[in-house]
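Reader: Could you take me through this complex? I would like to begin with confidence and then turn to the details.

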Amino acid sequence: MKKLLLTAVTTSALTLASLFSVSAQAADYKIDTAGAHAFVQFKIKHLGYSWLLGRFNTFDGGFSYDAASPEKSEIEVVIETASIDSNHAERDKHLKGSDFLDVKKFPKAVFKSTAFEVKDDDNAVVTGTFSLHGVEKTISFPVQKIGEGKDPWGGYRVGFEGKTTLKLADYGITYNLGPASTHVEIELYLEGIRK
Amino acid sequence: MVRNSRSSYGWVSIALHWLMALGIFGIFGLGLYMVELTYYDAWYRGSLDLHKSIGLTLLIVWIIRITWRWINTNPEISGSPIEKKAAHYVHLLLYGVMLALMITGYLISTADGRGIEVFGLFEVPAMSVSFENQEDIAGDIHWLLAWSLILMVALHVMAAIKHHVINKDNTLLKMIRPTTDLK
């Protein structure tokens, strides 16, 4: 029993140590939602004749990134679904209701990365789990680094963008918006401030 | 005959009462129906425009009705003193719920600063202030009030029928045609 306990303690100490070394290598960034240098936009065809644009105003998250070992990057973004804003109150009310996001039941949409496949210095494909409307799916999409460096106020920032297309029915959203509007494009523009 | 007397309502009050009754049943039914319409229904947009137009028209009628009630005598209410008092407060509550319904409806549609067009004739502007999740909060209250009003109206109708059939008094009749006979 004593031996078992000792093994358990040693194992957890080792795990902690390895975790610590990873986070010590890659810098952690907080997504700059406070200064609104980050955007979660969406885009869906209207009747097949034009685009409807909107965004989620409230979200939070962070990522870890190191230009020397980008494959170790990690990211997590939590979106408050009730913050959807398509610049039309009646439509937003409908989108928040049970026909679409059902925000009372599903207040959060979460993306958490599981892998980064590096393509070149600025490009990678991120894979992770995305949960929306009570459905969790593994998705992959390309991300691109826009730039990084010191900001004029004593901090250090890096920015990324990523785009993916989701099929609404995959997430249990089956309200008929017409054959041209079955998919929604999600665009992430995220600037992080190094912690 | 135009104005109210102590024994019955005049034509103006009677007309306003039944006009609002018609409007309220119509807008309630329309409200229930329009939220079930889907995006490709031809009336998906038109039904909401009509609902908003009727709602704001009812607000105008409501203001005229309250003003008319204010500057007129009201007929005697039948029943015991407690019944009279209850009838009076239920009437006030009906007016209050109607007003709150129209206000919450207005708040849903104007939450983004857009005004409301009334039958394409004129536009009621939005207020310059709004609060967080206005369209959702106002929407929830609007729904609750709508059902409350319809339940109260049901009670109101049953009470009128009870007075007519069981008490055999002129409660219902005095809202149908003006009378001059004093009781």
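This is a predicted model: local features need pLDDT of at least 70, side-chain atom pairs count only at pLDDT 80 or more; totals for chains, interfaces and linings use all residues.

Reader: What pLDDT does chain B average, and which ipTM and pTM does the predictor give the complex?

Author: Chain B averages a pLDDT of 93, and 98% of the residues score at least 70. For the complex, the predictor gives an ipTM of 0.83 and a pTM of 0.83.

Reader: How many helices and strands does chain B have?

Author: Chain B has 4 helices and 2 strands. Along the sequence of chain B, these follow the pattern α-α-α-β-β-α.

Reader: What box do the C-alpha atoms of chain B fill?

Author: Taken along the principal axes, the box is roughly 55 × 30 × 30 Å. Of the 183 residues in chain B, 17% are buried. Regarding contacts in chain B between residues at least 6 apart in sequence, 66% join residues at least 24 apart.

Reader: Turning to helix α4 of chain B, what should the helix span, and how far apart are its end C-alpha atoms?

Author: Helix α4 of chain B covers residues 134-165, which is 32 residues. At 1.5 Å a residue, the helix should span 46 Å, and its end C-alpha atoms are 46 Å apart, so the two values agree.

Reader: Which residues of α4(B) are buried?

Author: The buried residues in α4(B) are B:Glu135, B:Ala138, B:Gly139, B:His142, B:Leu145, B:Leu149 and B:His163.

Reader: And what covers the buried residues of α4(B)?

Author: The cover includes α3 (81-109) of chain B, together with α2 (89-96) of chain A.

Reader: On to the interface, then. How many residues of chain A are in contact with chain B?

Author: There are 11 residues of chain A in contact with 11 residues of chain B. On the side of chain A that touches chain B, the residues divide into 4 charged, 4 polar and 3 nonpolar.

Reader: A change of topic: where does A:Gly62 lie?

Author: A:Gly62 lies in strand β4 of chain A, which comprises residues 59-65.

Reader: Why does A:Gly62 count as partly exposed?

Author: A:Gly62 has 17 C-beta neighbours inside 10 Å. A buried residue would need 20 or more, and an exposed one 12 or fewer, so A:Gly62 counts as partly exposed.

Reader: Leaving aside neighbours within four places in sequence, which residues is A:Gly62 in contact with?

Author: Those contacts are A:Asp28, A:Tyr29, A:Lys30, A:Ile31, A:Glu76 and A:Gly192.

How values were computed: Residues are numbered from 1 along each chain as its sequence is written. Chains are lettered from A and ligands numbered from 1 in the order in which they are written. Two residues are in contact if their C-beta atoms, placed from the backbone, lie within 7 Å. Ala, Val, Leu, Ile, Met, Phe, Trp, Tyr, Cys and Pro count as nonpolar, Asp, Glu, Lys and Arg as charged, and the others, Gly among them, as polar. The expected span of a helix is 1.5 Å times one less than its number of residues. pLDDT is the predictor's confidence in each residue, from 0 to 100.
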